[in-house]
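Good morning. Please have the display open.

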Amino acid sequence: MTTSYMEELIETSQSEETHFSISVRDLVAYLLPTGDLSGAFFSPQRSVAGTRAHQHVQKSRGASYEPEVSVAHTVRIRDYSIRISGRIDGIFHEPDGDVLEEIKSTTRDFAGLETLQNDLHWAQLKIYAYMHAADHGLEKIETCLTYVQLGTNAILEIRKRFDFSALKLFFDELVERFVDQADERKGWQETRDRSIRDMDFPFPEYRKGQREMAIRVFRATREKHQLLVQAPTGIGKTMAAVFPAVKALGDKLVDRIFYLAARSTGKKVAEEAVAALQHRGLRLRCLVLTAKEKTCFNPGAACNGDECEFARGYYDRINAALVYALKGDMLNRHFVESMAWQHRVCPFELSLDLSLSADCIICDYNYAFDPQAYLRRFFQIVEEEYLFLVDEAHNLVDRARDMFSAHISRQQFAEAHRELANKLPQLSLYLENLMAWMDAIREKHVHEQFYSSTELPDDLLPLLQQIVRESEAWLSLNMGAPFREAILDLYFTSSRFLKVSELINEQYAVCYDVSDPSAAPDRDMVVNLFCIDPSRHLQEKLQKVRSAVFFSATLTPMDYFREIFGCSTETQELILSSPFPRNNFSLTIANRISTLFKEREETKEGVSEAILSFVGRKTGNYLIFFPSYAYLMKIHAIFPQDDPEMDVVLQSPGMGEREREAFIEQFSKENQSTRVGFAVLGGVFGEGIDLVGDRLAGAVVVSVGMPPPTPERELIREYFEKSRNAGWEFAYVFPGFNRVLQASGRVIRTEQDKGTVLLIDQRYTNTRYKTMFPAEWQPVYINGKKDLKRVLDTFWETHQGRGEPQ
């Protein structure tokens, strides 16, 4: 833990004294952590078992025993009033004086517990002993640390006698350390707030629309509203969100800012915005939270002191690491990893400990919304005022569906069964029972590859509960074994499914997906608890924070996003127009070509010719977007490949980070020939990339961007058709058109950029689509190659500074 824990303890007061309230348990855990990071498994039932063990011990005591004694002690020191409270597990009222008992449950053998004493357990008991002795004027006091073994209820008692003077010295030293850290936090906040008051906007002037957005973000924060902002690329959305959020922090409207991003590129842009303010004098602790698997120093090792040196002795070194790390303001991945390496501590755990001291946390959506991955230290019990800045918010729709869904796969259980068959017979039997259930369902629907229901089958959950209980029992032994990871996967997959099953309502469907036997002889089967509408779950998350701002270049139409996000009826909206000159952008629409699925074979030559005509008007770099990889390959197969003046590159499925970077690097302004990149709409190249200046001359969007018609997508259509009479729009039209807007937005990124976009699909003439066109779009509908040549030649001749038409 770190010094920012203070914020959670501060009570408001009209006096100059700062009031804290903290429990004995939290005070000890905060100031005296020691030892290793533990990869030990603790089941949810562990605390229940511990409580029962406590009660067993208390009931076994005699008539002179008083259980659960509440105590509190208030200390006034410097400008602080600190109330420390807790409950003593029990007091023996013996003739020779009181004996205070602290009870701890354990799964360990008693051998060694007496010699390897737990400093945290004794510290907690010593504080209780001090408080009791002070209240009763005792010079000496006896204590008893009692361990009860789970499962056997065996008891080990360790007694110690303390002088009051020694206890007072121990207590006073703890309080002094607590106050020192409170002073540090208070001093930091004063420094931060002074810098915020002196902070000006980091650029000479606002871009068009940027100031209006900043004002609306601050106002929404002040008034505790939610805000949806659609702002085109180039307006400076990130700074227009971050700058007023920091001002709100300085005005004490919020305690912490969470900048939530869908991709690492979004986190990078936010980091750069905060850094720009810091370079102009802002003092703000900003943490960029990186996923554990990306930042681990020892991949493959378990997170415990036996296997990883960075977990071994973590709590012995973490305080020194925090002291050094908190001398920095930008706590990004490079900085955190450097500090972690220098102090030999786990970088991910260090970042979590630093988060408690951070004023702004830049992280992925899942750390705020995902019911499994959310930051429990902030969102389990919310005691602060938080502001959410949700970047590229259009991505949250599908991400939220994934977060609140869960699935189980027969293949996973079959693989686990093969690995465990001769090792854990009872768990293997439970796996066989579940697989038999899945086989029976599969045989019952032998002619169906997919079907769904609105209700869970009654006999599925008990089978999963058996697997969870048996996995939990073995994992609780914390034994090393080659198959431990397989059991962990089983446990977490089954537990997640059971937890999501508790959420099922009319916004869910239970989906059964059986693989094609011709493609997979074993015929895998997947049961998916599919969250069709995540609005209710998102609403519950949003109700815990002061304000949330959702912003993107594509939130069209806003009614759709407001409903899916679970926003309140008072949610405010802001739509801003492009800040760039309209004559820098040319939009043409080939409205005579159909890209309907059933007509793609017939029209593929026309699509290829339109693309070739478009990229042939001027030497430069072009991106061509398709609604699916299959369609991309269909056009690529007939697209001319033998032109020495043109290179064609393809996005491939499953590209890694380095492959994606290599793809983008090919779009250089130094290219002497035309480079054409084929990519998929809604993918990594359809948004979040900046190819400014001559790095991108134009883009082609083939189709209206509709997502493929999967069974799950059809369930979305049916649900919103019943609830909103807008199933087709919610399932296909709105998500698809936002992909089109994102892809089109790759072309104009700065005031100096000039570029062209070609949309290929006859449906763009429909009123349904025209009403969603941005205000700055002035489309020219073309009838063929001659029309396209004429429009593009005119445009490029007007902007000869960026190259001559061919």
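Predicted model: local features only at pLDDT ≥ 70, side-chain atom pairs only at ≥ 80, totals over all residues.

Start with helix H22, residues 600–615, and helix H23, residues 629–636: their axes come within 9 Å and cross at roughly 70 degrees. An angle from 65 to 115 degrees counts as roughly perpendicular, so that is the term for H22 and H23. The crossing of H22 past H23 is right-handed.

Which residues make the contact? On H22 they are Arg600, Glu601, Lys604, Val607, Ser608 and Ile611, and on H23 they are Tyr631, Lys634 and Ile635. By type, the residues of this contact are 4 nonpolar, 1 polar and 4 charged.

Now the sheet. It is open and has 4 strands, in the order S14-S17-S16-S15, with antiparallel pairing. Strand S14, residues 406–409, and strand S15, residues 450–453, are the edge strands, and each of them pairs on one side only. From one strand to the next, the twist averages 15 degrees.

S15 and strand S16, residues 508–514, run antiparallel and are joined by 4 bridges. To find your place there, go to Phe450, which stands opposite Asp513 in S16.

What packs on this sheet? Helix H19, residues 484–501, does, and it touches S14, S16 and strand S17, which covers 525–531. The direction of H19 makes about 135 degrees with that of S14.

That is the end of my part.

Conventions:
Residues numbered from 1 in each chain as written. Heavy atoms only, no water. Axes fitted to C-alpha atoms, helices over the stretch in contact; angles between N-to-C directions. Helix = DSSP H or I, 4+ residues; strand = E, 2+ residues; numbered from the N terminus. Parallel < 35°, antiparallel > 145°, perpendicular 65-115°, else oblique. Left-handed = near helix turned anticlockwise from the far one by under 90°. Contact = heavy atoms within 4.5 Å. Nonpolar A, V, L, I, M, F, W, Y, C, P; charged D, E, K, R; others polar. Pairing = 2+ DSSP bridges.
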